[in-house]
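Here is a short briefing to read alongside the sequence and the 3D view. It covers loops, helix packing and charged pairs.

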Amino acid sequence: MNQNQHSGYVSIIGRPNVGKSTLMNRLIGQKVSITSSKPQTTRHAITGIYTDHYCQAIFIDTPGLHVAEHSALNRHLNKTATSSLEMADVILFMVEALKFTDDDALALKRLKYIDKPVILVVNKIDHVKDKETLFPFLSEMMSKYQFAECIPISALDEKQMKLVIKSLTHYLPEQPFLFSEDEITTASSAFLASEVLREKLTRRLNQEIPYALTVEVESFEVEPEIIRINAIVWVERESQKGIVIGKSGVTLKEASTQARQDLEKLFEKKVFLKAFVKVRQGWSDDERSLNALGYMGTEL
């Protein structure tokens, strides 16, 4: 162990679509959590591991906390996000510059009984034209909770990512690294494959079917020269099946091609990806279906 080596878990919490997944991907320098313009794209607590000479931060990207709990899936997302706070050593509470919504307030309320350092991360400051308007907003935010400190950032700025890491290091326990230095995530390869395909479909179908689909990897076979993946895209109604497949199969084919290209970069190997679309009636509001699809029982 190096002297002054710090290691621990960092939960990134906030409302849906505030930029948590983008932040984690940027911090670790690798895409392990999928992103989309649609809220609630992240459905699981996903870890990304950052390691340098002195610090190993195991980031937990969580589903966005939201007031509405219209389905079993919504309730699961909130539970998953909240449970990540229990194991975290440090919490990043993320808001968007000049915005504080009911969902932000809900996320902040979850911190009420948490006795851990919480760093306020104010994202998307690059979108604020008049920087003078930031100061009263930051002051107001700091009055809402006893934050350890406040870091205004743009998640696209490399220097600001280093600032976040530097700040975090002070709050992580002084202890040996918990993972090997070349690990970047605890997620399985099959899980990453399912998430990448779901991201491509979500981006293509963000108007038609933003939340009614999920992806299950049926088989993941690693051969010397290629990885062979068979995936099922589950939708809730028969009418949605045709939308996902698209005219002459073009929507599913193009999304699968984009997913395959991303996975080949991630795994550094040729990938064969075959996807099928099936219907599981009302899966997002059925706890047995959620359990079968790997959602239930995944709280940290």
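Where does Leu-98 lie? Leu-98 sits in the loop between strand S4 (90–96) and helix H3 (102–109). Keep in mind that this is a predicted model.

**Loop residues with positive phi**

- Most residues other than glycine have a negative phi.
- Leu-98 has a positive phi, near 70 degrees, and is a residue other than glycine.
- Leu-98 counts as partly exposed, because its relative accessibility is 40%.
- Asn-17 also has a positive phi, near 65 degrees, and it too is a residue other than glycine.
- The loop that holds Asn-17 runs between strand S1 (6–14) and helix H1 (20–28).
- With 31% relative accessibility, Asn-17 counts as partly exposed.

**Packing of H6 and H8**

- Two packed helices are described by the angle between their axes and the distance between the axes.
- Helix H6 covers residues 189–204, and helix H8 covers residues 250–267.
- H6 and H8 pack at an angle of about 140 degrees. Their axes are 9 Å apart.
- That angle makes H6 oblique to H8, because angles over 145 degrees would be needed to count as roughly antiparallel.
- The H6 and H8 crossing is right-handed.
- On the H6 side, the contact includes Leu-192, Val-196, Leu-197 and Leu-201. Glu-199, Lys-200 and Arg-204 are also among the H6 residues that take part.
- On the H8 side, the contact includes Leu-252, Ala-255, Ala-259, Leu-263 and Phe-267. Glu-254 and Asp-262 are also among the H8 residues there.
- The residues of this contact divide into 11 nonpolar, four polar and five charged.

**Ser-194 in H6**

- Ser-194 lies in helix H6.
- Ser-194 counts as buried, because its relative accessible area is 8% and the cut-off for buried is under 20%.
- Leaving aside neighbours within four places in sequence, Ser-194 is in contact with Val-215 and Val-217.

- The structure holds 14 salt bridges.
- Glu-254 pairs with Arg-204 in a salt bridge, with the closest N and O atoms 2.8 Å apart.
- Glu-254 lies in helix H8 and Arg-204 in helix H6, so this pair ties together parts that are 50 residues apart in sequence.
- Glu-254 is partly exposed, with a relative accessible area of 34%. Arg-204 also counts as partly exposed, at 33% relative accessibility.
- Glu-199 and Lys-200 form a salt bridge through their side chains, at 3.4 Å from N to O. Glu-199 is buried, and so is Lys-200.
- Arg-260 and Glu-264 form a salt bridge through their side chains, at 3.3 Å from N to O.
- Arg-260 and Glu-264 are four residues apart in helix H8, so about one helical turn separates them.
- Are Arg-260 and Glu-264 buried or partly exposed? Arg-260 counts as partly exposed, at 23% relative accessibility. Glu-264 is buried, with a relative accessible area of 18%.

**A salt-bridge network**

- Which residues are linked in a network of salt bridges? Arg-15, Glu-96, Lys-99, Asp-104 and Lys-124 make up this network.

Methods: Residues are numbered from 1 along each chain as its sequence is written. This is a predicted model: local features need pLDDT of at least 70, side-chain atom pairs count only at pLDDT 80 or more; totals for chains, interfaces and linings use all residues. Side-chain values use heavy atoms; hydrogens and water are left out. Axes are lines fitted to C-alpha atoms, for helices over the stretch in contact, and angles run from 0 to 180 degrees between N-to-C directions. Helices (H or I, at least four residues) and strands (E, at least two) are DSSP runs, numbered from the N terminus. Angles under 35 degrees count as roughly parallel, over 145 as roughly antiparallel, 65 to 115 as roughly perpendicular and the rest as oblique. A crossing is left-handed if the near helix is turned anticlockwise from the far one by less than a right angle, and right-handed if clockwise. Contact means heavy atoms within 4.5 Å. Ala, Val, Leu, Ile, Met, Phe, Trp, Tyr, Cys and Pro count as nonpolar, Asp, Glu, Lys and Arg as charged, and the others, Gly among them, as polar. A salt bridge is a side-chain nitrogen of Lys or Arg within 4 Å of a carboxyl oxygen of Asp or Glu. Buried means under 20% relative accessible area, exposed over 50%, partly exposed in between (1.4 Å probe, protein chains only).
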